[in-house]
Amino acid sequence: MENLVKFVQDEFIERKDLPKFSAGDTITVYYEIKEGEKSRTQFFRGVVLQLRGTGHTKTFTIRKMSGGIGVERIFPVNLPAIQKIEINKQGAVRRKRIFYFRELTGKKARIKEARRK
């Protein structure tokens, strides 16, 4: 049964070549929104809190501040609506899931920028 599921995923889910990013990075996700017959591109810029899952079921959570209120959004990696992902800053954090970031405000909510290799 697992072989059948793997076969279907490999055949029917298209893979996207997305840049490598991890928790603590600030990224911008451009995705398409369809409203009736019209479609437009919208972006969501924020800090990656976590990467979760493997393979085709992989998701990532992004958090941004909008009007002083924290907004989080979960994106599947293989979402057909995603057009592109840009990495704005690479953050230096010690953990893979930075949920402690939710409670931080002001200067404490800054993430150090990782050194470029």
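Biologist: Helices are DSSP runs of H or I with at least four residues, strands are runs of E with at least two, and both are numbered from the N terminus. On that basis, what pattern does the protein chain follow along the sequence?

Modeller: Please note that this is a predicted model. Read along the sequence, the protein chain follows α-β-β-β-β-β. In total, the secondary structure comes to 1 helix and 5 strands.

Biologist: In what order do the strands stand in the sheet?

Modeller: The 5 strands form an open sheet in the order E4-E3-E2-E1-E5, and the pairing is antiparallel. Strands E4 (69-76) and E5 (82-89) stand at the edges; each has a single partner strand, so one side of each is left without a neighbour in the sheet. From one strand to the next, the twist averages 40 degrees.

Biologist: What holds paired strands together in general?

Modeller: The strands of a sheet pair through backbone hydrogen bonds, and the pairing can be parallel or antiparallel.

Biologist: Let us go through the pairs, then. How many bridges join E1 to E2?

Modeller: E1 and E2 run antiparallel and are joined by 10 bridges. As one example, Glu-32 has Thr-41 in E2 as its bridge partner. The two strands form a hairpin with 2 residues between them, and Gly-36 in the turn has a positive phi of about 70 degrees.

Biologist: And how many residues lie between E2 and E3 in their hairpin?

Modeller: There are 6 residues between E2 and E3, and in that turn Gly-53 has a positive phi of about 90 degrees. These antiparallel strands are joined by 5 bridges. The bridge partner of Leu-51 in E3 is Phe-60.

Biologist: Which residue takes a positive phi in the hairpin of E3 and E4?

Modeller: That residue is Gly-67, with a positive phi near 65 degrees; this hairpin has 2 residues between its strands. E3 and E4 pair in the antiparallel sense over 8 bridges, and Thr-61 stands opposite Ile-74 in E4.

Biologist: What about E5, over how many bridges does strand E1 pair with it?

Modeller: Strand E1 (residues 26-35) pairs with E5 over 6 bridges, in the antiparallel sense. Within that pairing, Tyr-31 has Ile-82 in E5 as its bridge partner.

Biologist: A change of topic: how many aromatic pairs are found in the whole structure?

Modeller: The search finds 5 aromatic pairs. One of them joins Phe-44 and Phe-75: the ring centres are 6.1 Å apart and the planes stand at 65 degrees, so the pair is edge-to-face, the cut-off for that class being over 60 degrees. Phe-44 lies in strand E2 (residues 38-52) and Phe-75 in strand E4, so this pair ties together parts that are 31 residues apart in sequence.

Biologist: Are Phe-44 and Phe-75 buried or exposed?

Modeller: Both Phe-44 and Phe-75 are buried. Phe-75 also forms an aromatic pair with Phe-60, and this one is stacked, at 5.6 Å centre to centre with 25 degrees between the planes. It links distant parts of the chain, with Phe-60 in strand E3 (residues 59-66) and Phe-75 in strand E4, 15 residues apart.

Biologist: Why does Phe-60 count as buried?

Modeller: The relative accessibility of Phe-60 is 0%, so it counts as buried, given that the limit is under 20%. Phe-75 is likewise buried, with a relative accessible area of 0%.

Biologist: Which residues do the ring pairs link into a cluster?

Modeller: The cluster consists of Phe-21, Tyr-31, Phe-44, Phe-60 and Phe-75.

Biologist: Which residue lies over the face of Tyr-31?

Modeller: Arg-73 lies there, at 4.6 Å from the ring centre. In another such arrangement, Lys-84 lies over the face of Tyr-30, at 4.8 Å from the ring centre.

Biologist: Finally, what share of the protein chain is made up of buried residues?

Modeller: Of the 117 residues in the protein chain, 26% are buried. The chain exposes about 9000 Å², and carbon and sulfur atoms supply 50% of that area.

Conventions
Residues are numbered from 1 along each chain as its sequence is written. This is a predicted model: local features need pLDDT of at least 70, side-chain atom pairs count only at pLDDT 80 or more; totals for chains, interfaces and linings use all residues. Side-chain values use heavy atoms; hydrogens and water are left out. Two strands pair if DSSP finds at least two bridges between them. Axes are lines fitted to C-alpha atoms, for helices over the stretch in contact, and angles run from 0 to 180 degrees between N-to-C directions. Rings of Phe, Tyr and Trp (its six-membered ring) pair if their centres lie within 6.5 Å; planes under 30 degrees apart count as stacked, over 60 as edge-to-face and the rest as tilted. Buried means under 20% relative accessible area, exposed over 50%, partly exposed in between (1.4 Å probe, protein chains only). A charge sits over a ring if NZ of Lys or CZ of Arg is within 6 Å of the ring centre and within 35 degrees of the ring normal. Accessible areas come from the Shrake-Rupley method with a 1.4 Å probe; for residues, only the protein chains shown count as cover.
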